[in-house]
Structures are given as structure tokens and as C-alpha cells.
Amino acid sequence: MQRIAVVGGGIAGLTVALRRARAHDSVTLFEASDRIGGQLWSESSHGFVVEHGAEGFVARGDAVPALANAVGVADALVDQLVFNSYRYDSGELVPLAPGEAGRMLGFQVESDELGRGIRSFRRGMAELPESVFSSLDGKIELSLGTTVTEIAPGARVIRLSSGDGRSREFDGVAVATGAHPAAAMLEQSFGAKAGALRAARLHSSVTVSLAFPRECVNHPLDGTGMVVPKPEELDGLRAVTFASSKLPERAPPGHLLLRAFFRPSAEELGHSDRAWKSRTERALSRALPLLGEAEHAWISRWPAALPVFDDAHRARVVELEHALSPHRIVLAGSAFHGSGIDAAIRSAEKAALALAGA
């Protein structure tokens with residue numbers, strides 16, 4: 001039996017923990033925040049299913065369904081309901097062909113995936129990490145609110161130091177965090193090869209979900225949503241998902257749910273929830289229009305959370321992995337091996353297999 005540390009409690013870290021625990025390793029999962037799930041974060045409120053993070057995964061992906069089956073929630077998968085979308089153009093919503101909205105927004109997915117839609121879970125995407133964690137109940141040690149500050153390999157073991165002053169030893173480690181936190185943990189032992197991860201480009205995001213009575217929106221909402229080619233025309237609004245039209249059971253009868261996407265500046269990230277709600281309602285009223293205020297609003301802030309994959313970043317990851325491989329330290333997740341939930345899970349499955357030989 002090995003002692004395995006997993007740093008990061010998102011879906012990648014949870015997947016590594018699941019596989020190693022089922023192989024009878026002793027697993028400790030470290031998560032810096034106060035919850036598991038990472039960017040898969042859903043909320044059920046007032047009869048609405050609200051996504052704070054990812055709203056789904058590519059429909060043809062097989063990694064998510066396989067993991068869902070492994071933890072007994074494959075029957076909770078739901079399919080996208082509509083596939084057409086709209087473009088905002090000088091006060092008009094112009095229909096788009098399936099896949100065209102994804103191209104306009106620069107989605108980092110294979111081109112043949114565009115237009116095929118997404119899948120999700122009945123209670124939101126958080127149903128997957130919650131189910132993985134439930135299947136691990138009592139089988140791993142969970143350390144929430146713990147920041148790992150250093151990962152230092154030795155001749156026989158790997159030492160993890162944390163912000164609370166503790167130090168522990170393990171036989172293998174999976175780093176399933178973002179690129180910048182990984183650089184901070186590994187730089188002291190691996191120098192410039194780890195520090196290079198700080199150059200990874202990251203986007204910030206704010207999403208605003210608004211709930212309305214159906215009669216308050218004067219549009220059929222017969223599509224997945226709308227894209228805004230020139231966000232400056234609508235106060236920075238880049239896109240809107242018609243969430244209650246796109247996926248089933250997202251809103252109670254007689255109501256609808258819209259989700260607006262912004263790419264904020266550092267200053268805008270600190271704006272109040274009320275300010276974001278008002279800003280979104282102003283922008284939407286020029287596009288749909290709105291016939292009343294939202295009954296409920298949910299604002300989600302993701303500072304420097306969305307990785308941008310380019311050749312330079314891929315090369316940095318390969319070089320660091322080459323340095324890590326002799327020391328039984330592996331990287332897992334979308335920060336290193338491609339955006340999207342399927343990519344994160346595939347990366348984690350590979351990492352878990354690599355640790356089998358630790």
C-alpha cells in the first residue's frame with residue numbers, strides 16, 4: 001500500500017483519489033478552499049439549477065460518462081434540448097447555425113465537436129464531483145482549507161509542507177491545481193522548469209445568472225443563447241446562455257433562467273453583486289428586451305481561472321513533467337493537459353495509472 005497525496009479537490013484531483021483509493025492506496029486529498037469540486041459548482045435555489053462554473057461537457061465525450069458510471073450516477077446525465085443560437089447585431093438577434101457560436105467565442109475544443117452540443121447532470125455539473133466524493137467517504141483523508149506550500153522530493157519519499165506549518169511524507173503525489181499554484185509548490189525544488197508555469201496565460205470570468213417570470217422576457221428564447229461579437233456594444237457582455245431552454249429542469253414552470261458571461265478587468269472583479277446584476281439587466285434589456293427586473297440573481301467570480309492553451313504552455317508542461325517523472329510526482333487536470341472536463345478526467349486517469357508504479 002502506498003501513501004498518495006493529491007493536491008487539488010477539483011474533478012481531476014477527485015478522479016486520481018478515486019482510482020488510487022480503489023487500488024487500496026492510502027490517499028490524502030488537500031484542497032485550499034472550503035469545498036470540493038473546483039470549477040464544477042452548482043446551486044439549487046428557489047427551484048432553479050444554477051451553474052457557477054462549467055455548464056456541461058462535450059456531448060461526444062466519453063470520459064465523463066465513464067466516471068459517472070463508475071460512481072453510480074450515469075442515469076443522471078441529461079442531453080441538450082436545442083442546438084441553434086443567435087448573434088447580437090445592432091439591436092437584432094440574428095440566427096446562427098449550430099457550432100457557429102462556439103467558433104465566434106473561440107471555444108478550445110476540437111472543431112468536429114462544435115455544433116454537437118453538451119451534456120450535463122440533472123442536478124447540475126456538481127453532481128459528478130459530489131458523487132465521486134460520496135463514493136470515497138471514509139476511504140480517504142480529506143484536508144479542506146489547506147494550502148500546500150512546497151513539494152520536495154527526497155531519496156525515498158516526497159515531503160509536502162502546508163501553510164499551517166505541518167510537513168508530511170508520501171510515496172507519490174498528484175498535483176491537480178492551476179498552473180500558478182503548481183509553480184509556487186514546485187519551484188523551490190525544480191527551479192525554472194516549475195517557475196515557467198507562472199507564464200501561463202489565464203483569463204478571469206464573471207457570470208451572472210438571472211431568474212425571471214417567463215412573461216418578463218419578450219423573446220421566444222428558442223435556442224442555446226446568444227453571442228455578442230462586439231462586447232463593448234452591451235457593456236462588456238460577451239455571451240448569454242438561455243439556460244432553461246438549453247438544458248432540462250433548470251427553472252420551475254412559468255420561469256426562465258439566463259446566464260450572462262463577462263471577461264472583467266481586475267477592478268471590475270471587485271464590483272458588488274448588485275452592480276453586476278444591474279449591469280447585466282441593462283445589457284439584456286437592449287437585446288431581448290426585458291419587461292421587468294430579475295426575481296433572483298447569482299454572481300460567480302473566477303479570477304485568473306481559465307487557462308489559455310498554446311504551444312508555449314504545452315512545451316512548458318512537457319519540460320516540467322520530464323523533470324518530475326523520476327520523483328513520482330505527476331500533473332493532472334485541465335491546467336496542464338487541455339481545457340474541458342473530459343480532458344481533465346482523461347489527464348487524471350493517466351496520472352492515477354502513473355502513480356500505480358510509484
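1. Arg 20 and Asp 25 are both buried, where buried means under 20% relative accessible area, exposed over 50% and partly exposed in between, for a 1.4 Å probe and protein chains only. The two residues form a salt bridge whose closest N and O atoms are 2.9 Å apart. A salt bridge here is a side-chain nitrogen of Lys or Arg within 4 Å of a carboxyl oxygen of Asp or Glu.

2. On the basis of this note: the model is predicted, so that local features need pLDDT of at least 70 and side-chain atom pairs count only at pLDDT 80 or more, while totals for chains, interfaces and linings use all residues. Residues are numbered from 1 along each chain as its sequence is written, and side-chain values use heavy atoms, with hydrogens and water left out.

3. Arg 20 is also one of the buried residues of helix α1, which covers residues 11-22. Helices (H or I, at least four residues) and strands (E, at least two) are DSSP runs, numbered from the N terminus. In α1, 10 of the 12 residues are buried, among them Ile 11, Leu 14, Val 16 and Leu 18. The cover over these buried residues includes β1 (3-7), β2 (26-31), α2 (63-70), α4 (127-135), β14 (172-175) and α11 (341-356), with contact meaning heavy atoms within 4.5 Å.

4. The length of α1 agrees with expectation, because 12 residues at 1.5 Å a residue should span 16 Å and the end C-alpha atoms are 16 Å apart. The expected span is 1.5 Å times one less than the number of residues. After α1 comes His 24, which has a positive phi, near 75 degrees.

5. Helix α4 has its own buried residues: Glu 127, Leu 128, Pro 129, Ser 131, Val 132 and Ser 135. What covers them includes α1, α2, β9 (118-121) and α11.

6. How many salt bridges are there by the stated rule? The count comes to 21. One of them joins the side chains of Glu 55 and Lys 246, at 2.5 Å from N to O. Glu 55 counts as buried because its relative accessibility is 18%; Lys 246 counts as buried because its value is 11%.

7. A salt bridge also forms between the side chains of Arg 198 and Glu 187, at 2.7 Å from N to O. Arg 198 is in the loop between α5 (179-195) and β15, and Glu 187 is in helix α5, 11 residues apart. Arg 198 counts as partly exposed because its relative accessibility is 43%, and Glu 187 is partly exposed with a relative accessible area of 29%. Elsewhere, Asp 235, Glu 268, Arg 279 and Arg 282 are linked in a network of salt bridges.

8. Strand β15 (residues 202-213) is mostly covered, with 10 of its 12 residues buried. Strands count as paired if DSSP finds at least two bridges between them. Nine bridges pair β15 with strand β19 (residues 296-307) in the antiparallel sense, and Ser 209 has Trp 298 in β19 as its bridge partner. Strand β18 (residues 255-262) also runs antiparallel to β15, joined by eight bridges; there Phe 212 stands opposite Leu 256.

9. The structure holds five aromatic pairs. Rings of Phe, Tyr and Trp (its six-membered ring) pair if their centres lie within 6.5 Å, and planes under 30 degrees apart count as stacked, over 60 as edge-to-face and the rest as tilted. Phe 48 and Trp 298 make a tilted pair, because their ring centres are 5.9 Å apart and their planes are at 55 degrees. Phe 48 lies in strand β4 (residues 48-51) and Trp 298 in β19, so the pair ties together parts that are 250 residues apart in sequence. Both Phe 48 and Trp 298 are buried.

10. Phe 262 and Trp 276 also form a tilted pair, because the ring centres are 5.0 Å apart and the planes are at 55 degrees. Phe 262 belongs to β18 and Trp 276 to helix α8 (residues 273-287), so this pair ties together parts that are 14 residues apart in sequence. Phe 262 and Trp 276 are both buried.

11. Arg 35 lies over the face of Trp 41, at 4.0 Å from the ring centre. For a charge to sit over a ring, NZ of Lys or CZ of Arg must be within 6 Å of the ring centre and within 35 degrees of the ring normal.
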